[in-house]
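Got a model open and wondering where its labels come from? Let's go through a few of them, one residue and then the chain.

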Amino acid sequence: MEEKRKLVHTTRIPVRWGDMDYYGHVNNTVYFRYCEQARVEWIEQLGFGVDPNCGSGPVVINANCTFLVPINYPATVIVKMYAGEPGRSSVMTWYELFVEGEDRLYADGASKVVWMDMATNKSVPLPEGLRAFL
């Protein structure tokens with residue numbers, strides 16, 4: 001059964017020459033960085049920190065990506081981020097990666113984000129502001 005998804009953030013990220021690997025396309029690990037950037041922007045946009053000194057914050061406990069079409073320099077990646085129904089301390093997020101000016105889906109992925117107490121490394125309830133947004 002497909003989970004409900006809500007588009008929560010879209011960002012544009014220029015592909016850097018150094019993002020590419022020996023084969024001339026964006027290295028697989030960089031796709032995770034693109035998704036991470038979208039997630040950090042979203043969390044900060046909602047007024048939450050992504051700093052270990054904040055007391056609590058988001059931690060990714062699982063991530064995956066399906067690479068459909070290679071991305072090459074020069075390009076601008078469009079990352080669309082979606083979020084699902086909140087759990088007690090976690091929320092599923094999904095990502096779609098496009099190249100600006102094209103409708104083709106280049107990659108998609110997902111990550112489970114858990115809100116953690118940074119001192120105890122234990123999960124804590126999602127902040128009410130985040131829960132209300134979702």
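Q: How do you know that S111 and T93 make a polar contact through their side chains?
A: This is a predicted model, so keep that in mind throughout. The two side chains come to 2.7 Å, and the cut-off for a polar contact is a pair of N or O atoms within 3.5 Å.

Q: Why is S111 called buried?
A: Its relative accessibility is 2%, and buried means under 20%. So S111 counts as buried. S111 sits in strand β5, which spans residues 105-117.

Q: What makes V60 one of the residues that S111 touches?
A: Touching here rests on contact, meaning heavy atoms within 4.5 Å. Leaving aside residues up to four places away in sequence, S111 touches R39, V60, N62, A63, V91, M92, T93 and Y95.

Q: Which elements does the protein chain have, and in what order do they run?
A: There are two helices and six strands, and from the N terminus they go β-α-β-β-β-β-β-α.

Q: Why is the protein chain called as compact as a globular protein of that length?
A: Its radius of gyration is 16 Å, close to the 14 Å from the globule rule for 134 residues, so the description holds. As for burial, 38% of the 134 residues are buried.

Methods
Residues are numbered from 1 along each chain as its sequence is written. This is a predicted model: local features need pLDDT of at least 70, side-chain atom pairs count only at pLDDT 80 or more; totals for chains, interfaces and linings use all residues. Side-chain values use heavy atoms; hydrogens and water are left out. Helices (H or I, at least four residues) and strands (E, at least two) are DSSP runs, numbered from the N terminus. Buried means under 20% relative accessible area, exposed over 50%, partly exposed in between (1.4 Å probe, protein chains only). A polar contact is a pair of N or O atoms within 3.5 Å; within protein, one must be able to donate a hydrogen and the other to accept it, and residues adjacent in sequence count only if both atoms are side-chain atoms. The radius of gyration is taken over C-alpha atoms; the globule rule is 2.2 Å times the number of residues to the power 0.38.
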